[in-house]
Amino acid sequence: MSPAGGGAAVADQGGSGGGSALFVAFRALGLCSNHLAHVLRYHRRHREFYLITAVGRSFHTYNAQRGPRLLLQPWQGPQAALLLPLLGLLWYWGYFATEKGPHGSRRASLDLLEGGQAAGDLSGHSVSGSKWGETVKRLGIVAVSNALPQDITYLAADRMLVFASCGSLLYAFARNKEVVHTYKGHDTDIHLVLPFGEHVISVDHDNILIIWDVQSEEEYLQLNFDKAIFAVSAIMHPSTYLNKILIGSEQGPLQLWNIKSNKLLYTFPGWGAGVTVLEQAPAVDVVAIGLVSGHIIVHNIKFDEIVIKFQQDWGPITAVSFRTDGHAVMAAGSPIGHIGLWDLDQKKLLSHMRNAHATAIAGLSFVQGEPLLITNGSDNAIREWVFDGPDGSSRLLRFRMGHSAPPTKIRYHGKNGQQILSAGQDSTLQSFSTVHDRFNKSLGRGSLNKKKSKKKGLRDVTMALPPITAFAAEVARQSDWDGIIACHQSYLTCTTWNYQKGSMGAHKLKPEIFKKNKPLGVYATAVDITSCGNFAVIGLTSGHVDIYNMQSGIHRGRYGRDKAHEGSIRGVAVDGLNQFAITAGSEGFIKFWKFKTMELVHSVNFSTSPSKIVLHRDSGLLGIALDDFGISILDVETRKIVRNFSGHQGQINDMTFSPDSRWLITASMDCTIRTWDLPSGCLVDCFLLDSAAISITMSPTGDFLASSHVDDLGIYLWSNRSLYSLVSLHPLPTDYEPSVVMLPGTSPAEDADVTEEEEASDEMIEYDSPEQLGDTLVTLSTLSESRWKNLLNLDVIKKKNKPKEPPKVPKSAPFFIPTVPGLIPRYADVEQENEREQSKLIKLGVLAQKSEFHVQLEEALSKSN
């Protein structure tokens with residue numbers, strides 16, 4: 001079971017046999033790793049490490065950068081108390097020199113000399129509070145590659161390119177995203193790839209080894225091995241061995257080849273078990289060989305001598321790596337998720353990391369020159385461990401993970417449509433962000449006893465609760481107390497969860513009548529939480545429906561005198577105003593109860609038992625899925641059936657309403673997702689998938705539809721095309737056969753595909769009137785009266801609404817309104833000033849120098865003398 005991935009292959013929209021006209025594949029959430037080993041590569045220009053993991057048809061690239069490390073003598077006593085503050089100031093002022101580290105990386109260092117000799121490395125001390133808080137960045141995703149036609153079968157990388165095999169083809173990616181080279185020549189699937197300088201080596205299942213020239217894509221050399229005698233299972237290049245490769249086989253022997261001269265140099269007889277792993281040790285000529293029998297042989301290939309031999313009791317060796325930070329430690333992975341740490345100096349087991357992963361260890365590698373171990377497994381998790389304990393023990397530093405088992409239920413959380421709550425078969429409850437992966441959070445795994453599980457570890461399977469089958473969440477009071485209620489598979493007790501704290505809640509809700517004597521076959525099947533977040537309603541297979549207070553966990557009542565239904569409860573719901581509670585029983589009744597008094601108000605009988613119900617609180621519409629694969633819509637106000645739908649050919653797994661309650665979207669075991677238009681009562685959209693959708697949920701904002709599928713670890717987003725393009729929906733015929741639509745990949749679909757779809761859907765579909773019932777009868781429209789009443793007077797209405805004169809542009813007001821000088825502020829008349837003829841001559845006024853003769857002339861002029 002590997003997580004599906006890859007790019008979205010968008011099908012034709014519109015007519016019969018096409019894909020979805022309403023939803024377009026967008027991207028996948030919650031996928032981090034699969035069963036293939038990761039690749040750790042160093043980028044010289046960026047001076048950081050990159051981690052690459054395969055996810056279906058594409059691969060992810062994460063950053064893992066090494067930061068500064070301080071070198072000093074581990075002093076003790078008062079010397080250390082005086083030294084550490086001084087070093088902190090020196091570091092802040094920038095007095096530390098930088099020197100070249102491994103692979104050209106620069107690190108800050110300070111050599112304290114004692115007796116003329118350099119001090120030792122600070123491996124067990126730290127100056128800052130968080131020792132490795134900045135050593136490796138958060139495992140943030142850097143890039144997602146373009147999708148390949150099929151799932152990736154092997155990953156490898158060199159300094160510049162990333163190589164990924166897909167079927168019988170080998171692809172080379174540049175910039176962690178785009179394909180730049182394609183190597184064709186194999187007839188069967190490739191299962192081993194090794195970059196080798198200017199060449200790359202690939203091995204297929206027919207035991208054919210081909211050496212390619214990276215740039216020209218031409219075949220340089222081909223070696224054929226007899227599969228019955230020497231089936232290639234591992235390959236590596238020993239350090240300092242020019243033009244030589246070491247090949248391991250499933251039969252046990254190893255061969256050393258010179259690929260330049262095409263000669264077999266030496267054959268190692270082996271140790272009676274197949275080779276699974278070949279890993280270069282820090283020492284030259286020494287190679288670690290992992291066997292199917294669980295043995296690890298540290299072998300000197302120059303003298304053909306065994307240096308050390310270890311054995312693990314956990315099955316075949318899946319991965320091997322060596323520490324390169326001055327500690328002679330080797331790590332070995334196993335198929336059951338344990339990691340063994342071996343001391344090469346003492347030649348003994350140093351410690352073991354149990355349950356490092358829930359499944360087999362796919363790959364593990366130590367970061368060059370650092371006490372950091374990065375592991376990945378098929379449990380969809382990447383974990384980073386730091387060895388900073390006084391006894392050399394490790395602890396989990398950071399991780400990225402999704403569900404290790406397929407999700408069982410998904411629901412949007414909150415009103416902004418940015419978080420999706422997901423419950424998986426691995427008994428965990430997680431929150432995935434549709435915006436960015438850094439907002440993901442895990443609420444942990446349900447535990448029978450939180451205190452004991454903390455002591456034994458979160459990965460203790462014996463204390464884990466069964467998987468969650470149904471849950472309900474409300475954000476109204478989640479900051480005050482638990483806001484999530486969940487029921488578990490074949491388990492009577494329901495658990496509460498706290499989204500703010502990111503953990504299981506304080507209460508375990510169990511009916512009082514079953515606390516002493518628990519009958520067999522009685523467990524919780526349906527839950528709901530009120531819109532105020534104060535009460536939880538729980539339905540049981542015995543027909544009981546109970547109410548609990550979410551804050552205190554106290555039992556507040558039970559519906560019905562003895563029990564609410566004669567059969568098991570298939571669904572419970574509470575309206576938005578806490579007026580009514582609705583329950584569905586397997587005997588075929590839908591019952592309405594007063595929420596406070598718990599009195600039966602009304603019941604509706606169905607000929608077929610309802611399998612599940614979903615309530616749209618804003619509109620008061622109740623969707624009911626029946627065992628005969630039919631769907632009914634019930635109006636909560638009138639308590640009448642308003643719509644009936646049929647068309648699914650399998651069990652209906654989940655239903656969801658659109659935010660405006662116009663559409664009901666259903667998912668079935670017939671691998672289809674159908675959209676029903678409630679006003680018209682017609683099927684308006686349908687598309688087919690490779691695997692059936694187990695759960696679906698519509699965003700509160702209406703922009704995305706999320707789905708989870710059978711035997712699939714991811715959550716897939718489908719964008720609603722009606723929000724950003726013109727979509728013409730029309731009733732689909734009863735014999736409509738949809739085509740298969742591929743699941744979205746981990747990167748968003750390209751804009752070019754969306755543009756083509758938009759252009760194809762711009763043409764409106766011509767409306768065909770229904771056939772007349774008779775020649776003398778008139779078929780009336782189903783539209784509202786306001787839509788057609790005034791059509792006959794449309795010309796008159798247009799004439800009345802016609803403007804009498806064209807609109808006038810308002811005069812622009814000046815930025816500064818002019819004022820008249822004086823003691824009393826007054827605004828000047830702008831129009832009068834504009835009408836006056838402004839002279840270009842400057843009037844000097846009182847500033848002009850006038851003679852006595854000039855003054856006498858002005859006086860005579862004024863007196864007309």
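This is a predicted model: local features need pLDDT of at least 70, side-chain atom pairs count only at pLDDT 80 or more; totals for chains, interfaces and linings use all residues.

Modeller: The hairpin is made of strands S56 and S57, with four residues between them. In that turn, Gly-681 has a positive phi of about 70°. S56 covers residues 672–677, and it runs antiparallel to S57, with six bridges pairing the two. If you want a spot to look at along the pair, find Ile-673, which stands opposite Phe-687 in S57.

Now, is S57 enclosed or open? Strand S57 spans residues 682–688, and five of its seven residues are buried, so the rest of the structure largely encloses it.

Ile-673 turns up again in the largest nonpolar core, a group of 22 residues. Along with Phe-23, Leu-705 and Trp-718, Ile-673 is one of the residues with the most contacts inside that core. Strands S1 (23–29), S55 (663–668), S58 (693–698) and S60 (715–720) each supply at least two of the core's residues. Apart from this core lies another one, with 18 residues, including Ala-472, Val-527, Tyr-548 and Met-550. As a general point, nonpolar side chains in soluble globular proteins tend to be buried together.

One last stop: Glu-474, in the loop between strand S38 (468–473) and strand S39 (484–488). Its relative accessible area is 14%, and because buried means under 20%, Glu-474 counts as buried. Beyond its neighbours within four places in sequence, Glu-474 is in contact with Gly-483, Ile-529, Thr-530, Ser-531, Gly-533 and Arg-617.

Technical notes:
Residues are numbered from 1 along each chain as its sequence is written. Side-chain values use heavy atoms; hydrogens and water are left out. Buried means under 20% relative accessible area, exposed over 50%, partly exposed in between (1.4 Å probe, protein chains only). Contact means heavy atoms within 4.5 Å. Two strands pair if DSSP finds at least two bridges between them. A nonpolar core is a set of buried Ala, Val, Leu, Ile, Met, Phe, Trp, Tyr and Cys residues joined through side-chain atoms within 4.5 Å.
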